Amino acid sequence: MNLLRWLIIAALLCIYAGTLFAVLHPKVSPGYRAYYMDRSSSDWNPEHYPGTPEKGIEFSRVGLPEWVESTHGLSFRDQWGRWTDTTVGPVPGLTFARSFNGPVCVQFVATAVPAVGKTFTLKLGDQSQMVQVIPKVFGEYQVELEPVRPASRLDFVLPPQLPREADVDSHSSDMRRLGLELTSLRILSGPCTSPTLSK
Amino acid sequence: MAAYPFHYWLRLSSPVSLVVASKLALLFSIYGFLLLLRNQTTSTTERFLAGSLVAFNPYIIYGHAGYSEPLYFAFLAFAFYVASRQWWIISGLMGGLLSATRMVGFLFSVPYTMMSLGGNSWRGWWRKIDSTKLIGLLLCPLGTAFYMLYLYRRTGDALAQVHIHIAWVGTQFSNPLQALWVPLHKHHWPRVWAGMAITGLLASVWLVKLRKSELGIYLGLSIVVALLGGSRAGDLYGMPRYIWWQPPFLYAIYIGLKRYSAWWPVYLAFSSGIAAFVIIGWFTGHNFVV
């Protein structure tokens, strides 16, 4: 009888060990992980529409072009585009469905909050460039990058600990940590044709 | 799961099956509450009054609209009752069913441990452990474990329910004090719900003072867990069910009304009135009952 009880205890412990294993080893898609587990993306199962890197992405449009797999560290859409929000992910950016190698020209339209400062860094794979903030409401940026290895991730590296909007504006209850508002972005193969704005 | 036999065996529609299961569970929850109060009730009148606390619960809508609250209430009341009779395996089984009904039910492991180790005395606790009590303890969170394994099989994520809740609320864990403070400074229902949560916490402290530590600890822990989970926009929409569908909370109300029996008609008029208001609100599609 006593042996049977200890066998039951061992069986129950095995069930809990199995449950612990299941908790520690989830079998989920990268999109699920980013949205539900890591909370690094605010897009769940986005609709993909036809597009090319040359045509680019309009951030105010619902869904993502088929060459962009997912976003990270971006807030919800508004009528101008999408803000980066470091509460969603510490390094905002895009993950591509394809990879880029050789020289590419990244063109994007964005505005920055004052807390970003004078520069930020744009990173494509192993290549990064410091970018000067254009002191306009919406500036047009053009950055030339040449990743050595194929790159499928573009990051906007912003200063750590950007303030919450609620801390900047006492009348606001917005808890996001905003950096850049991105309106559009496109990637062209080869070097930038006009003088680059990166530093 | 409780509605399964009605849907698959009696061929009732899904909504009707849920409602029938919920109403049946309500009867069990009243019976379970009477068992829980067996040492406090000595006459039929007192048992009727005790049963009326469940039957005229301000949030009785959960007992008639197909929710799992009455089943949770019944299992929790039975689990406490059989634990007080020292039927450890049955208490563990009830705890397992409780945690299968609602994930938070795994918290019953805490009062179970307290009761099986001899109430308030923790001295020489290791000598009080035997295999029967240990099996009962391991059975308590079994429902939660099976539910997590089911989620893992269906979605690949054993914590899917927690992750979906976090995605809905927007934060991983909230500060319980802040979760109470924010709605207190809002108007209308959020303030009422924050008041309910504070009353529930005070009731748990009072139960500990009444030497009903197991009931008080469970009530306090379940409210704190609900507050830790946070709520969307800090409004505590789901809080009433964590308070009014807890046997320990109604136990505290019964003890209070027993001491001040003149308040019985006042309380029942209040709770019945709120119940009617909440039912009308639910059926007319108002979002203050979720």
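Modeller: The account below begins with the basis of the model, turns to the contact between the chains, and then takes up features within one chain.

This is a predicted model, in which local features need pLDDT of at least 70 and side-chain atom pairs count only at pLDDT 80 or more, while totals for chains, interfaces and linings use all residues. Residues are numbered from 1 along each chain as its sequence is written, chains are lettered from A and ligands numbered from 1 in the order in which they are written, and side-chain values use heavy atoms, with hydrogens and water left out.

For the complex, the predictor gives an ipTM of 0.84 and a pTM of 0.81. Chain B averages 89, and 93% of its residues score at least 70.

The contact itself (heavy atoms within 4.5 Å) draws 22 residues from chain A and 24 residues from chain B. About 2000 Å² is buried between chain A and chain B, and carbon and sulfur atoms give 73% of that area. Buried area here is the accessible area (1.4 Å probe) that two parts lose on being put together, summed over both. Between chain A and chain B there are six residue pairs in polar contact, both residues being at pLDDT 80 or more. A polar contact is a pair of N or O atoms within 3.5 Å; within protein, one must be able to donate a hydrogen and the other to accept it, and residues adjacent in sequence count only if both atoms are side-chain atoms. The count of salt bridges between chain A and chain B is zero, a salt bridge being a side-chain nitrogen of Lys or Arg within 4 Å of a carboxyl oxygen of Asp or Glu.

On the side of chain A that touches chain B, the elements giving two or more residues are α1 (2-24) and α2 (30-37) of chain A. The largest share, 13 residues, comes from α1(A).

Over all chains, five salt bridges are counted. One of them joins A:Asp43 to A:Arg82, with the closest N and O atoms 3.0 Å apart. This pair links distant parts of the chain, 39 residues apart: A:Asp43 lies in the loop between α2 and β1 (48-49) of chain A, and A:Arg82 in strand β6 (residues 82-85) of chain A.

A search of the whole structure finds one disulfide (a pair of cysteine sulfur atoms within 2.5 Å) over all chains. The disulfide joins A:Cys105 to A:Cys192, S to S 2.1 Å. The torsion about the S-S bond of A:Cys105 and A:Cys192 is about 105 degrees, so the disulfide is right-handed.

Methods: Helices (H or I, at least four residues) and strands (E, at least two) are DSSP runs, numbered from the N terminus. pLDDT is the predictor's confidence in each residue, from 0 to 100.
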